[in-house]
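Trainee: Please put the model up. I have a few things to ask about it.

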Amino acid sequence: MGPFIAQFLTGLANAAALFLVASGLSLIFGVTRIVNFAHGSFYMLGAFIGYTVMQLLPGAFGFWSSILVAGLAVGLIGVIVEMLVLRPIYRAPELFQLVATFGVILVIQDLALITWGAEDLLGPRAPGLKGVIRILGEPVPKYDLALIAITPFILFALWYLITKTRLGVLVRAATQDREMVAALGVNQSWLFTGVFFLGAMLAGLGGALQLPKGGADLLMDFNILASIFVVVVIGGMGSLPGAFIAAVLISVLNVFGVRYMPQSTLVLMYVVMAVVLIIKPYGLMGRKEVAGEHGQVGEPEQPFSPFGRRGRLIVAVLLIALATLPFLGSKFAMILAIDIIIVCLFAASLHFILSLGGLVSFGHAAFFGGGAYAAALMVHYAGSPMELAFVLAPIITGFLAIIIGWFCIRLTGVYFAMLTLAFSQLLWSLVFQWGEVTGGDDGMVSIWPSPWASDTTVFFYLTMIIGFGGILVLRHAAHSPFGYALRASRDSAGRAEATGINTKRVQFVAFTFAGAMAGLAGTLFVFSKGSIFPTELEIGKSFDALIMVFLGGVKTLAGPLVGASALSLMQDYLTRFEYWRLALGLLIIAVVIIAPEGIAGTSQKLAARWGIIRRDEVQ
Amino acid sequence: MLELFDINSFYGKAHILNDLSFNIAHGEVVALLGRNGAGKTTTMKSIMQMVRPATGSVTFAGQDISKWPTHKIAKSGIGYVPEERRIFSDLTIVENLEVGRQSPREGVPTWSFDDLFDLFPNLAERRNNRGRALSGGEQQMLTIARTLMGNPSLLLLDEPSEGIAPIIVEQMAKTILELKSQGLTVLISEQNLHFARIVADRAVIIESGTNRFDGNFADLDSDPETRDAYLSV
């Protein structure tokens with residue numbers, strides 16, 4: 001019984017910081033509808049700033065005031081981010097802002113590296129709370145007990161703020177319908193800034209509070225990001241009590257997981273989230289999202305139209321120019337071009353389900369990596385030739401998408417995004433931990449193309465044919481009756497159903513199709529590299545694809561290609577510098593502010609305004 | 001008090017308001033009449049800048065408000081009651097009112113929670129109920145009460161009688177007349193000519209986003225062709 005209770009108490013103590021950070025994320029999302037990827041960065045900053053201030057302020061009083069100072073400082077940083085980066089782009093398409101917050105992650109990473117160095121910092125012990133207390137013979141750190149004692153006060157303070165103050169009333173009203181709140185005379189800008197202050201402060205407090213347990217390091221931001229998304233989704237978006245229950249649930253399960261099933265730790269919380277979302281699609285205490293109820297139904301979608309003659313001519317010229325690349329004789333340029341074509345296909349497949357289907361997947365890497373691993377496993381275990389792998393791997397990925405889609409398609413919005421993330425993490429941890437078959441962390445190597453295609457030039461042309469062939473198929477599907485049905489399901493599910501479209505089935509088919517096309521990109525990838533590692537299944541890979549689609553322009557068919565090329569080129573160029581994250585982050589933020597409809601979307605609008613293309617050619 | 005001049009508003013590519021002009025004098029109740037899709041709601045939203053007109057100007061109390069953000073317009077004394085009501089269903093009645101609360105304004109009646117509970121006794125009984133528990137009529141009263149908490153000098157009522165039991169419509173008419181007697185200026189959009197006649201001093205009829213008739217009800221009655229052409233009687 002003793003160890004059991006001690007484990008449980010540790011879990012409860014871990015829940016304190018997790019709840020603080022997650023409730024901040026939930027508040028920010030609820031009011032501003034921004035999926036703040038940078039929330040983990042606020043948490044990390046809280047830890048670093050707390051550490052520094054603790055060096056300056058001695059004693060117990062210094063320790064606890066340092067935590068408060070760190071919270072306030074991070075709150076102010078949140079305000080700066082909101083005013084400088086997010087305010088200019090609130091009117092951009094939904095979820096576009098996550099690209100900007102991704103840029104903020106990169107900037108904060110390098111700024112933290114410059115300020116605090118690369119070494120992990122060991123958190124100071126809390127004065128007066130060093131050592132342990134024995135409970136039923138088991139040692140429990142005093143600081144853990146202090147955290148458990150503090151948590152109810154935090155919960156009460158937040159509850160009071162949200163339910164009893166005018167600010168809380170406005171926050172809850174804006175969570176539901178922010179346009180109406182504005183129509184009643186409330187300045188949304190200040191409300192948003194206030195909420196950002198509060199949310200970032202909570203993250204900073206969480207980061208500083210966990211210092212004695214975990215210290216501060218540069219990986220904290222991404223490490224906590226997945227957990228807080230999981231907590232917010234399990235609890236139900238926007239529900240503080242839900243976030244609290246979920247934080248406790250995840251933390252306690254994690255502690256028990258580490259002890260009794262160590263091989264499960266990577267995946268446990270995603271399994272819990274998947275189970276919760278399958279049973280309660282809107283989280284434990286969340287409620288159904290109703291499209292448009294938040295008063296943010298933006299401009300109506302411009303219908304896509306196929307390129308006119310001039311557009312096709314330009315595309316043909318570009319393709320021919322690209323096809324002459326081998327004659328320049330630079331092997332490096334060809335390899336870079338191969339990489340870019342592959343990510344273009346990957347991004348285009350995500351765009352298909354995201355833009356045309358209106359289903360934002362946070363786990364599209366599952367299909368890219370899935371296709372790559374399917375091909376690698378076929379070659380490695382069955383000695384399959386490359387040609388067969390190109391046929392079968394996308395089909396296998398399609399089946400994978402059928403399985404994942406069967407669970408996910410019933411959800412919409414952020415819940416859909418999170419469940420796809422959960423499944424991709426499941427797949428990642430399966431590959432990562434099933435080392436005997438997949439090679440685990442060491443990956444799978446020696447997956448080379450057939451001899452006839454092993455020359456870089458030949459493989460380059462093969463990539464052009466398969467890559468652009470896949471993109472053309474996607475485009476064709478977008479302009480087919482199926483594409484119309486898919487867009488109809490996105491724009492008005494009710495009306496689409498009334499005209500006889502089975503919207504869920506259409507979305508299911510589209511999800512499968514997009515998955516198979518991502519699998520094709522993955523297959524190309526594995527043969528171009530000759531190897532595959534679990535990193536291709538990571539969250540970061542899914543995020544890359546999202547950034548490419550949004551950066552290029554979610555509302556244009558050319559967007560994903562432009563975004564994929566732009567991001568790849570920027571990364572390729574900038575990674576040679578020491579602080580490339582800072583540069584890339586600032587560049588992304590700049591692009592986002594200058595071109596709020598994405599690079600392709602904004603340039604098409606400008607071209608139409610300047611009369612270079614006709615307005616109805618904007619597509 | 002309010003003047004719309006040559007307003008052109010679009011929704012996407014659809015041209016909804018077409019050189020729409022009319023004005024409202026201080027203390028007047030004007031009925032904005034027209035069929036479904038004539039542009040009544042877009043007119044309301046264009047005044048609030050919730051739909052941004054492409055061209056034209058809106059002047060309120062001598063100031064050009066065409067470029068103002070919505071919240072500033074609401075703060076300057078225009079209270080908007082949307083057709084879809086848009087109450088905050090997770091908030092209680094009292095909290096819904098709190099969202100609308102603004103500081104007192106010179107020259108117009110100031111409303112407190114108690115004043116509004118006197119005006120709408122049904123709401124008083126249910127003050128701690130959540131918005132989603134209210135009937136359609138109660139929701140409509142709550143929307144009006146919530147807007148009055150901002151102490152507006154001009155009230156925009158978008159189809160307040162729509163989908164509401166006749167007895168409540170009658171009550172609503174009384175309320176509007178009482179507001180008028182307290183010095184409020186009101187623009188009310190309606191499809192119900194009978195209701196409009198009871199509460200309004202003057203009618204503006206729009207069709208395809210253009211002003212087709214502007215005058216009192218006696219003039220409208222003597223012009224049955226206009227009435228039948230633009231209104232579904």
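Trainee: What should I know about the model before going on?

Mentor: It is a predicted model, where local features need pLDDT of at least 70 and side-chain atom pairs count only at pLDDT 80 or more, while totals for chains, interfaces and linings use all residues. Residues are numbered from 1 along each chain as its sequence is written, chains are lettered from A and ligands numbered from 1 in the order in which they are written, and side-chain values use heavy atoms, with hydrogens and water left out.

Trainee: Back to Asp339(A). Which residue forms a salt bridge with it?

Mentor: Lys529(A), with the closest N and O atoms 3.0 Å apart. A salt bridge here is a side-chain nitrogen of Lys or Arg within 4 Å of a carboxyl oxygen of Asp or Glu.

Trainee: Are Asp177(A) and Arg86(B) buried or exposed?

Mentor: Asp177(A) counts as buried at 6% relative accessibility, and Arg86(B) is buried at 12%. Both belong to a network of salt bridges that also takes in Glu179(A) and Glu84(B).

Trainee: What about the backbone at Arg86(B)?

Mentor: Arg86(B) has a positive phi of about 50°, although it is not a glycine. Most residues other than glycine have a negative phi. Glu159(B) is another non-glycine with a positive phi, about 45°. Glu159(B) lies in the loop between β7 (154–158) and α7 (166–181) of chain B and is buried at 5%.

Trainee: Which side chain does Arg132(B) meet in a salt bridge?

Mentor: That of Asp90(B), at 2.4 Å from N to O. The two are 42 residues apart, with Arg132(B) in the loop between α5 (121–125) and α6 (136–148) and Asp90(B) in the loop between β6 and α3. Asp90(B) is partly exposed, at 22%.

Trainee: Changing topic: how many helices and strands does chain B have?

Mentor: Chain B has 10 helices and 10 strands. Its radius of gyration, 17 Å, is close to the 17 Å that the globule rule gives for 233 residues, so chain B is as compact as a globular protein of that length. The radius is taken over C-alpha atoms, and the rule is 2.2 Å times the number of residues to the power 0.38.

Trainee: What does the C-alpha trace span?

Mentor: About 50 × 40 × 35 Å along the principal axes of chain B. Buried residues make up 56% of the 233 residues in that chain.

How values were computed. Helix = DSSP H or I, 4+ residues; strand = E, 2+ residues; numbered from the N terminus. Buried < 20%, exposed > 50% of the residue type's maximum accessible area, 1.4 Å probe, protein only.
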